[in-house]
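This briefing goes through the model by topic. Please look over the sequence and the structure first.

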Amino acid sequence: RLQESIDRQYGAEMKRREVKAKELKQKYYASALPQKMAVEEIEGSVQRIYTEAIRQKDEKHQRLESKFTFKRKDVVKLDQEVMKVSAERLSKPKKTAYTDDEINKIYGF
């Protein structure tokens with residue numbers, strides 16, 4: 001008897017769901033005959049999709065290139081005198097031995 005009640009309730013629920021599904025299908029998916037597109041329309045659609053995809057790819061490439069490409073500073077030509085002074089300073093070895101007076105002068109004693 002319990003099994004009969006379960007079967008009856010289950011059957012009623014399944015019928016209710018089936019009716020609801022048919023109503024929703026009719027409401028949102030109205031039966032319309034499929035339309036055939038002309039060859040020119042298909043070619044135009046494909047060309048438009050292809051052109052749009054290429055444009056998006058180029059935009060993304062430009063954005064990433066501007067984001068990750070190293071932007072170097074403009075080259076500034078130094079004056080010859082400045083270069084000579086710098087070369088002379090760099091060509092001489094640094095002083096490695098200091099006297100006590102020089103150390104006291106450096107550290108302010």
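Within the protein, confidence is highest in helix 2, at 95, and lowest in helix 4, at a mean of 89; pLDDT is the predictor's confidence in each residue, from 0 to 100. Helices (H or I, at least four residues) and strands (E, at least two) are DSSP runs, numbered from the N terminus. This is a predicted model, in which local features need pLDDT of at least 70, side-chain atom pairs count only at pLDDT 80 or more, and totals for chains, interfaces and linings use all residues. Residues are numbered from 1 along each chain as its sequence is written, and side-chain values use heavy atoms, with hydrogens and water left out.

**Confidence and overall form**

- The average pLDDT of the protein is 89, and 96% of the residues score at least 70.
- The protein contains four helices and zero strands.
- Read from the N terminus on, its elements run α-α-α-α.
- The protein is more spread out than a compact globule, because its radius of gyration is 42 Å, well over the 13 Å that the globule rule gives for 109 residues. The radius is taken over C-alpha atoms, and the globule rule is 2.2 Å times the number of residues to the power 0.38.
- Along the principal axes, the C-alpha atoms of the protein fill a box of roughly 115 × 60 × 20 Å.

**Accessibility and surface**

- Of the 109 residues of the protein, 1% count as buried. Buried means under 20% relative accessible area, exposed over 50%, and partly exposed in between (1.4 Å probe, protein chains only).
- Accessible areas come from the Shrake-Rupley method with a 1.4 Å probe; for residues, only the protein chains shown count as cover.
- Tyr98, Ile103, Ile106, Tyr107 and Phe109 make a nonpolar surface patch of about 640 Å². Patches are made of residues with over 30% relative accessible area and no salt bridge, where like charges are joined within 9 Å and nonpolar side chains (Val, Leu, Ile, Met, Phe, Trp, Tyr) within 5 Å.
- Ile106 belongs to helix 4 (residues 100-107). With a relative accessible area of 56%, Ile106 is exposed.

**Salt bridges**

- Side chains of opposite charge can pair when their charged atoms come close.
- There are five salt bridges in the structure, each defined as a side-chain nitrogen of Lys or Arg within 4 Å of a carboxyl oxygen of Asp or Glu.
- One of them joins Arg16 to Glu13, with the closest N and O atoms 2.7 Å apart. Both residues lie in helix 1 (residues 2-28), three residues apart, about one turn of the helix.
- Arg16 is partly exposed because its relative accessibility is 49%. Glu13 is also partly exposed, at 27%.
- Glu13 also meets Arg17 in a salt bridge (3.1 Å, N to O). In helix 1, Glu13 and Arg17 are four residues apart, about one turn of the helix.
- In helix 2 (residues 39-68), Arg55 and Glu52 are three residues apart, so they are separated by about one helical turn. The two form a salt bridge whose closest N and O atoms are 2.3 Å apart.
- Arg55 is partly exposed, at a relative accessible area of 38%, and Glu52 is partly exposed, at 31%.

**Separations along the chain**

- Arg63 is part of helix 2. This residue is exposed, with a relative accessible area of 53%. The C-alpha atoms of Arg63 and Lys95 are separated by 51 Å, the residues being 32 apart along the chain.
- Glu65 also lies in helix 2. Its relative accessible area is 43%, so Glu65 is partly exposed. Between the C-alpha atoms of Glu65 and Leu78, 13 residues apart along the chain, the separation is 31 Å.
- Tyr29 is found in the loop between helix 1 and helix 2. Tyr29 counts as exposed because its relative accessibility is 65%. The C-alpha atoms of Tyr29 and Glu18, 11 residues apart along the chain, are separated by 16 Å.
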